[in-house]
Amino acid sequence: YTDVYTPAKGVHPTSFDYVLGRVKQSGVPITKIGQGGPPCGFGGPPSCSLSGLTSGVYLATSEFIAGGDNLNVVGTVSVPANTKIIILVTGNLTIGNTGFTTSISVPKTSSLTFIVKGDIHIDKRVGVAWNSAEARIEGFYSADGSFIIEGNQDNCVTPDNRLNLEGSIIVNAGGGGGQVVNNRSLCTNDATCPVVTVEGRPDFILNAPESLKQLNTIYQEVAP
């Protein structure tokens, strides 16, 4: 016989509070982003280039990020080989910004996980041509709220970029409501190609940090 355990509201295994609790319980050190790490807050908005991070757990809070608990990731982020990174964001996460070419790449020996208490926004500039299958964003993305793909929303005066993501997207991890919101359109090319694609990366499961792994147990009582 097996028991089925349903997480209570707000304690989904990938929610912000749940993962933060697991990390603290395991005794893994937490490094605050901006504390002796990547620069945050330059150029006005709370923008961070995360390249150069080593394996570990990082926390984005208003203590070291200009503009509050929201994190804006910009630039070319290339996770090194054999590196496992968890980034906890107390507010919202935005990937991309005006004036920056933004991409996030993760090799097959590493993992990158964003655990966001608010929403995840993908800036409208992040993407590729309508007929390109090149991935611009890689990693595991969990939002307690929604995953929002921003677009031009100008009635096809300007067709949007195509967004190809490798990894996984989880929304409503906090149990309070959330969804995947697509605000993009390829306009006349919608009949030919998808505007958003998500390709699975099983290697992220194999390379996941211990703080994210779940132990599933099946037991059976037998006669002595």
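In the predicted model, helix α1 spans residues 16-26. Four of its residues, F16, V19, L20 and V23, are buried. Viewed down the axis of α1, the buried residues fall within an arc of 100°, so they line one face of the helix. An α-helix has 3.6 residues a turn, so residues three or four places apart point the same way. After α1 comes G27, with a positive phi near 80°.

Most residues other than glycine have a negative phi. N82 has a positive phi, near 55°, and is not a glycine. N82 sits in the loop between β5 (76-78) and β6 (84-89). N82 counts as exposed because its relative accessibility is 62%, and the cut-off is over 50%. N172 is likewise not a glycine, and its phi is positive, about 60°. The loop between β13 (163-170) and β14 (180-182) holds N172. With a relative accessible area of 29%, N172 is partly exposed.

A further loop residue is D123. D123 lies between β10 (120-122) and β11 (137-143). Its relative accessibility is 14%, so D123 counts as buried, the limit being under 20%.

Conventions: Residues numbered from 1 in each chain as written. Predicted model: local features only at pLDDT ≥ 70, side-chain atom pairs only at ≥ 80, totals over all residues. Heavy atoms only, no water. Helix = DSSP H or I, 4+ residues; strand = E, 2+ residues; numbered from the N terminus. Buried < 20%, exposed > 50% of the residue type's maximum accessible area, 1.4 Å probe, protein only. Arc of directions from axis to C-beta.
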